[in-house]
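Visitor: I would like to go through the terms used for this structure and hear what stands behind each one. Please set the values against the definitions.

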Amino acid sequence: MSAPDYMQCAEDHQTLLVVVQSIGVIKNENFFKIYNRVSSVCQVNPMNTQRLLFIRYRHQYPVENNEWGDFQTHRKVVGLISIAECGSARDLPPTILKFEQQKEAYSSTLYDSRLFVFGFQGEMADQSRIDVASYPSYDDCAAVDKRVEDFIQSLFIVLESKRLDRTSEKSGEKIPLLYVPYEKKDFVGLDPDSRHYKKRCQGRMRKHVGDLCLQAGMLQDALVHYHMAVELLRAVNDFVWLGAALEGLCSASVIHHYPGGTGGKAGTQRRQSVTLSADSFKRHRPGAQEVLIDPGALSTNGINMDASTEIGRAKNCLSPDDIIEKYKEAISCYGKSKAAGVIELEACVKAVRVLAIQKRSMEASEFLQNVVYINLRQLSEEEKIQRYSVLSELYELIGFRRKSSFFKRVAAMQCVAPSIVEPGWKACYKLLLETLPGYSLSLDPKDFSKGTHKGWAAVQMRLLHELVYASRRMGNPALAVRHLSFLLQTMLDFLSDQEKKDVAQSLESYTSKCPGTMDPITLPEGLILPPVPFTKLPIVRSVKLLDLPVILRPQKVKNLLGQKLSTKSPFIYSPIIAHNRSEEKNKKIDFQWVQGDVCEVQLMVYNPMPFELRVETMGLLTSGVEFEYLPAALSLPAESGLYPVTLVGVPRTTGQITVNGYHTSVFGVYSDCLLDNLPGLKNNGCTVDVIPALPRLQISTSLPRSAHALQPSSGDEVSTHVSVQLYNGETQKVIIKLENIGTEPLEKLEVTSKTVNTKEKFYGDFLSWELEETLAQFPLKPGNTAILTVYIKVKLDFSCQENLLQDLSDDGISVSGLQISSPFRHVSKPRVESKPINQSDSKSSDFNHVKSLEGILNFKYSGGPGHVEGYYRNLSLGLHVDVEPSVFFTRVSTLPATSTRQCHLLFDVFNSTEHELTINAKDNQDLILHAGECQRMAIQVDKFNFESISDSSSERQSFPNLKEIEEERQHSKGLEINSKLGIRWKIPSLKREGEASVEGVLNQLVLEHLQLAPLQWDVSVDGKPCDCDVIADCKVGDPIHLEVRLTNCSKNAVGPFALTVIPYQDYQNGVHNHELQDIVTFVGSNTFYIGTVQPMDHSVCFGALLFLYTGDFYLDIKFQDDNSNRELPLSWFCLPSVHIRAIDTLSETKF
Amino acid sequence: MAVCVAVIAKENYPLYIRSTPTENQLKFHYTVHTSLDVVDEKISAMGKAVMDQRELYLGLLYPTEDYKVYGYVTNSKVKFVMVVDSSNTSLRDNEIRSMFRKLHNSYTDVMCNPFYNPGDPIQSRAFDNTVTSMMVPAC
């Protein structure tokens, strides 16, 4: 007895063993067709009795096992069915001969046998042989079932006879000793007549009868016999047989308690038939009682048979707990003999099956543990595999899935043990796959993506390595790649650096033969291996969709201003909105991509490997819009920090695009990583709108490009910078070439400008252009160019403030509003006055200070389908102008002209350039200034009536405060003065010219001087208006009329005033003679009184003078200061001086 | 003394496992892993018993040829498994029991660390020292 049958279960004890064998060569397929047909007849109701006969079929059975048939009768081959193929009658005799030989092998135990011949045409030659049947073909064998049943019936007859024979044997004659093969030599020399020997024979026979009863379907009888056998054998310490008796007892009890069976396989089938015969069982009970020798029940309950059977059954049958106890005892009995190892092992297996049904896993595991320790003789590799597989199955049965997996794995390893000539890698792989659940390992990487990996990493890794190796040896590299990818992806945290290197290397070598794909692999066993995307190689920490560069960024025409805000909340600002959760979930980004333009997505990646990671063909996975991605290849240094990677692509259609993930190829494995499956990913939106295509504008200018970028405070981002150097006051023409480098026609263009750096005081328009000419060339086809001309005019402050103030303060002439100088000293033509520039040396640094101006030209353009949707693009050109000073007005002052309506403006002009410079005012001749020279320049100007200008401007705009009104007023005044003056400079050597603006130079004081007084005084002598240089002639002795007219142009009523006329003579040497009482006399009063003059009204005073002598006289009309709280400025009362020349009438008559 | 000490989380994954460095580590991983079957079985059997006054010590889980595996389960279903050399016959049940109690105390200390996240692998030096003291042969 060497080969254990691991499939045995307790109820096998009640079966009859029939071996089905083939004679000659029969196709496996055909043989098993018949075998299955035969084995379907596994329960028979023999002889129409109520008993049930169970048959166990085997297609091979070791003869040495058969030798244990006396020990346990279910091991005995009682029937033989041979299947042969025979074409002709000629072949029949040899077949029958072979059949006889086969019978010979089991002859000692065989009850009966049959031969089924297939393919035999015609009549059987020898009709006398009932044990031979023939069938024309394998398919046409409906009668086989019947034949087999008949055969079973015949077996039953033999069995029943044997049983009855054995039962009656105990009447007194000598009982033969039953023994198992190995015991044979032990009995040599034993006294067969001893009481001990007899008892042993009795006990063994009793046990044998029990077996037969059990097989014959008489459970109760069997139980009784077994009980008796146990008693007998225990007394003689026949341990192995005692074990067998105990096991028989257990088996019978199990059959009684668990009619469903413990084997599991044929359970359902069996149960059905058992329930069917349940009542018939009962009815037959009296029949069974006939042969029942129940020492307990017979005496007490002879009459009530039914009750006695119930009691007997309850008494004889073991309780479930007892079954296990008895099994334990049986096994320990078997354990006492080494030769009974197989029996012990099988008993353990049977016990485990029973315990599994009882759900007593702990005890079952103890039995199994025992199985592990039962040392049989050297097992072949195949047997080892079988043994481990069965152990695994049994552990599975009792719910010990880890143990089960452990043994399965051992079995798998056994399949490919080095001692095996042809390793069964396929079987190994299959077994390994079955161990996965036990190690809580699923091959779906999704199960590992949630949080940190929790499991038996060391054990799982080992298993994965084995899977990889097995699949490789199986010749399935795709599978190996998949498993290895899985190992790398899920166990990355547990791999040591060296292991990481090794795994990566082997993965690369595998993928060189078979690249890893994203397709699920279906195994023949039906298991589907999902793809393994390498989300950890590299690890992506954040995904950010990038906006287009500023110059390409589309902007929406804002016709629905503020609509966005109003829909969200009634509040202008609320902190709750700022952290709105739903907003985040929306994941929509508030910028747009443009169809046809290159769009970028930035990933922050991280290489967890201890070596350089090469990622090939990295691209984006998108949905919603046709997107053409440009694959990127990157190489990440070992254990790099966060590393930015920009993936680019071009949307080909419009709509909403969603970035779902990315695509990589690492170590030859292609993976599609979806962002949703990435743990710990920072992601602020993956959906963006793609708007229709827009044209692209490129600008180039005639000016050199500038490296100087605008200060960041400017806010707008500027794509191109150009710079130019200009002298203050110069105007530069710039030609801007606009080229459409996109694919859409450029239809619309708007140009705006903005001055950025406004620290400097600035006058006039900085940038001006003519757009009409350019627009005439529109729409601009792709590739075409248009031209825009822009004028840059720089007009900074020409003054230097600090000097000016200083100089003015010590200049008595200009400050004084009073007329003190002689009119003859004022020249009407520009007067050149050389001035030493001793102080300008020290301040030359100030003068040479280069100022810079910055401006932005904005081009808003649109066209193509994007224009229809209301989008435009913005392109900015930054202008940087370095302004070098040209001329400065270091000092400005006024001199009253002879006329009160006129005035002289004096400028001290300083040439701060290094070149000779000419300067001229309107209609005046050029003034040449050498480098660093300062000269005075005088210009006679009419006084201005500023009221009208300031009035109109203040009416137009309502300024919020007085100061601004004042500023505006001053500005407009300056503008007017400047335009009237028209001062221009020219550098002949450089051929550059420009204007010099006086706007910033004029201060309040000068302006006041330049302003016409609101009170206009007209003095006429003899009806002739007498102003500045006009000399009124009069005759001595004749009274001359003097008329003083006051016109009030101011807004308020003025007066009353008193005026006194004082004549005097100027000796031209600084001496004024006021003592003229004898020379000039007044007709009437020399003092006038002017009453209140209403605005826009005038008042006239008349008087007369009488000159008594000839001479040049001046009349000083003095304002009599009689009003102490006078608030009107003095300059309002500058009356013209009157020059009268009195001529002798005689001399005239003389001529 | 112990040749391998393991702490296993409620969800049956290892929080801590340490074995004598001279031996094959993987072997102990397998041993402890398979012992969990028995632990599970014992716990489920215990569930039927009285819930309070539960015995935390599970006793011998199973013996192998070379080792004996003992188990202990806390009220929060954290398991301690100790593998002991079976040649060491001097070790009594009571000693094993006290070793487990010591281990439990040390584990409690680990849990008290506010910087320790329950469910993370244990990386405490104090706990390490406790385990080391159990693994060196008691003199």
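Guide: We can begin with Tyr395(A), which counts as buried at 1% relative accessibility. Buried means under 20% relative accessible area, exposed over 50% and partly exposed in between, with a 1.4 Å probe and protein chains only.

Visitor: What kind of model is this, and how are its parts numbered?

Guide: This is a predicted model, in which local features need pLDDT of at least 70 and side-chain atom pairs count only at pLDDT 80 or more, while totals for chains, interfaces and linings use all residues; side-chain values use heavy atoms, with hydrogens and water left out. Residues are numbered from 1 along each chain as its sequence is written, and chains are lettered from A and ligands numbered from 1 in the order in which they are written.

Visitor: Why is the pair of Tyr395(A) and Phe407(A) called stacked?

Guide: Rings of Phe, Tyr and Trp (its six-membered ring) pair if their centres lie within 6.5 Å; planes under 30 degrees apart count as stacked, over 60 as edge-to-face and the rest as tilted. The centres of Tyr395(A) and Phe407(A) are 5.5 Å apart and the planes stand at 5°, so this pair is stacked. Phe407(A) has 7% relative accessibility and therefore counts as buried.

Visitor: Which parts does the pair of Tyr395(A) and Phe407(A) tie together?

Guide: Tyr395(A) lies in helix 16 (residues 381–397) of chain A and Phe407(A) in helix 17 (residues 401–415) of chain A, so the parts tied together are 12 residues apart in sequence. Helices (H or I, at least four residues) and strands (E, at least two) are DSSP runs, numbered from the N terminus. Both rings belong to a cluster linked by ring pairs, which includes Tyr439(A) and Tyr30(B).

Visitor: What makes Phe71(A) and Trp241(A) an edge-to-face pair?

Guide: The structure holds 22 aromatic pairs over all chains. In the pair of Phe71(A) and Trp241(A) the centres are 5.0 Å apart and the planes are at 90°, so the pair is edge-to-face. Phe71(A) sits in the loop between helix 2 (63–66) and strand 4 (77–85) of chain A and Trp241(A) in helix 7 (residues 239–257) of chain A, so the pair ties together parts 170 residues apart in sequence. Phe71(A) counts as buried at 0% relative accessibility, and Trp241(A) is buried with a relative accessible area of 0%.

Visitor: How do you know how helix 5 of chain A runs relative to helix 6 of chain A?

Guide: Axes are lines fitted to C-alpha atoms, for helices over the stretch in contact, and angles run from 0 to 180 degrees between N-to-C directions. Helix 5 (residues 195–215) and helix 6 (residues 219–236) of chain A pack at an angle of about 160°, with their axes 8 Å apart. That makes helix 5 of chain A roughly antiparallel to helix 6 of chain A; angles under 35 degrees count as roughly parallel, over 145 as roughly antiparallel, 65 to 115 as roughly perpendicular and the rest as oblique.

Visitor: What makes strand 9 and strand 12 of chain A a pair?

Guide: Two strands pair if DSSP finds at least two bridges between them. Strand 9 (residues 539–545) and strand 12 (residues 599–606) of chain A have 6 bridges and pair in the antiparallel sense. Tyr606(A) in strand 12 is the bridge partner of Ile539(A). The open sheet of 5 strands in chain A has the order 14-16-12-9-19, with mixed pairing.
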